[in-house]
Amino acid sequence: MLLMLMSPLSPERTTTMNRFSSAVPDDEYLADSKVLFYVSDAVSQLLEHKEEYTHFGVIRYFAEYFSSVKNSNHVLFREYSYIRATPHNRASFLRVLWRCYRQIGKSGDLLSMLEYRSLLQLLCPDFPLEPVQNAARIVLMDDAIDCLMSFSDFLFAFQLQFYYQEFVHSVLVIYQDLLAGKSPNTVIVPTSTSIEQLPSVTPEESGKEQQQDGVEPSTLAQCIEAFCDRFKHSHPPRSCMTEVLEQTNRISYYSFLMSLAKHEAINQAIGALPSKAEFLIDPEMDQELDKLIAQISVSPGSNSSGSAVGGLKEVLQRKASPRRNIHHRRKIEVESDGSTEETDSSEN
């Protein structure tokens, strides 16, 4: 089976139908769908844990691996480099994040940027600080990023920052050039190959825009249009960006990003989060939690706090990652630092 997956496709099969029902060359389809990336990861995981999977069966292992990828149940507890490696992984992680912590939104709790980062690290232990800071700046318009934020505001801003990370960073470079007075013809539009070499922007540097009135939306739109023509990473639908830019006479970087984060068409294009009207609704997870609460209430002599923590972890692993015995041999230890109770109750 593995040899069949990795063998070259025959020259006669020149086209394949992708999910948008358009004919594309096989090599282009494989590159766009990242199939070879998942094959490589599946083999690496198998070799790393081969002694554990001897009794499991190689065929069954690959079947469950690709089934979990298809169903977006494969990113829980994986390393940061993995969850951001493909658009599908990024969307899957956003979905898991919403399902695990939706209860924060239902309770109306407001959390700080560092608290959101702690929640993210429960799902991805090496999740870095910078993407969380950048999402907080979108919500707070680059004001004091230690202010408290609602779960919905943070998650929609985080979705834009995380899913379109390369695009968001590149637009900042374009915006700063326009602020510096460069004409659209002299603005340096980053290429896809140069994205990784772009320097990180410090809060002091990004805060300089607050001293400006922003830029002409039509000028920014012209630069972004030229940029998207050459950009190989994901970017928001052009129609959505055009709509946002046509609604104002001047626009700043963070007001542009916040408008995109709130745009329902962009949320639909990513396909990870429900609409704002259904943001707090997840009947399947609610049923699991009701069962868990019922089990805890009838369990004599049990420590309710410890039982709740263990039970919630079991729900998260069962619902968000059915393949936990394949990928997630590591146990996540939640240390008590005075805020554990709030965090544990938010893992729904």
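Predicted model: local features only at pLDDT ≥ 70, side-chain atom pairs only at ≥ 80, totals over all residues.
1. The nonpolar core. The largest nonpolar core of the model has 82 residues. Those with the most contacts inside this core are Phe93, Phe127, Phe158, Phe167 and Phe256. Phe93 shows what such contacts look like: residues up to four places away in sequence aside, Phe93 touches Val75, Ile83, Leu120, Leu123, Cys124, Phe127, Phe158 and Phe162.

2. Cysteines. The structure holds zero disulfides. Cys124, one of the residues touched by Phe93, has a relative accessible area of 0% and is therefore buried. Cys100 also counts as buried, because its relative accessibility is 1%, and buried means under 20%.

3. A stacked pair. A pair of aromatic rings is described by the distance of the centres and the angle of the planes. The count for this model comes to 21 aromatic pairs. One of them joins Tyr116 and Phe154, with ring centres 4.1 Å apart and planes at 5°, so this pair is stacked. Tyr116 belongs to helix 8 (residues 113-123) and Phe154 to helix 10 (residues 151-163), so the pair ties together parts that are 38 residues apart in sequence. Tyr116 is buried, at 2% relative accessibility, and Phe154 is buried with a relative accessible area of 1%.

4. A tilted pair. Phe156 and Phe279 form an aromatic pair that is tilted, with 5.2 Å from centre to centre and 35° between the planes. The pair links distant parts of the chain, 123 residues apart: Phe156 is in helix 10, whereas Phe279 is in the loop between helix 16 (264-270) and helix 17 (283-297). Are Phe156 and Phe279 buried or exposed? Phe156 is buried, with a relative accessible area of 5%, and Phe279 counts as buried at 4%.

5. An aromatic cluster. Tyr80, Phe93, Tyr116, Phe127, Phe154, Phe158 and Phe162 form one aromatic cluster. The cluster includes Tyr116 and Phe154, whose rings are stacked. The cluster also includes Phe93, Phe127 and Phe158, which are among the residues with the most contacts inside the largest nonpolar core.

6. Charges over rings. Which rings have a charged end over them? The charged end of Lys276 sits over the ring of Phe156, 4.3 Å from its centre. Phe156 also takes part in the tilted pair with Phe279. The charged end of Arg78 sits over the ring of Tyr82, at 3.7 Å from the ring centre.

7. The buried side of helix 14. An α-helix has 3.6 residues a turn, so residues three or four places apart point the same way. In helix 14 (residues 238-245), the buried residues are Cys240, Met241, Val244 and Leu245. They cover an arc of only 130° around the axis, which puts them on the same side of helix 14. What covers these buried residues includes helix 11 (165-179), helix 13 (217-230), helix 15 (253-262) and helix 16.

8. Val171 in helix 11. Helix 11, which is part of the cover over helix 14, contains Val171. This residue is buried, with a relative accessible area of 1%. Leaving aside neighbours within four places in sequence, Val171 is in contact with Ile224, Tyr253 and Phe256. Phe256 is also one of the residues with the most contacts inside the largest nonpolar core. Val171 and Leu220 are 49 residues apart along the chain, and their C-alpha atoms are separated by 8.9 Å.

Note on methods: Residues numbered from 1 in each chain as written. Heavy atoms only, no water. Disulfide = S-S within 2.5 Å. Buried < 20%, exposed > 50% of the residue type's maximum accessible area, 1.4 Å probe, protein only. Core = buried A, V, L, I, M, F, W, Y, C linked by side-chain atoms within 4.5 Å. Contact = heavy atoms within 4.5 Å. Phe/Tyr/Trp six-rings, centres within 6.5 Å; stacked < 30°, edge-to-face > 60°. Helix = DSSP H or I, 4+ residues; strand = E, 2+ residues; numbered from the N terminus. Lys NZ or Arg CZ within 6 Å of the ring centre and 35° of its normal. Arc of directions from axis to C-beta.
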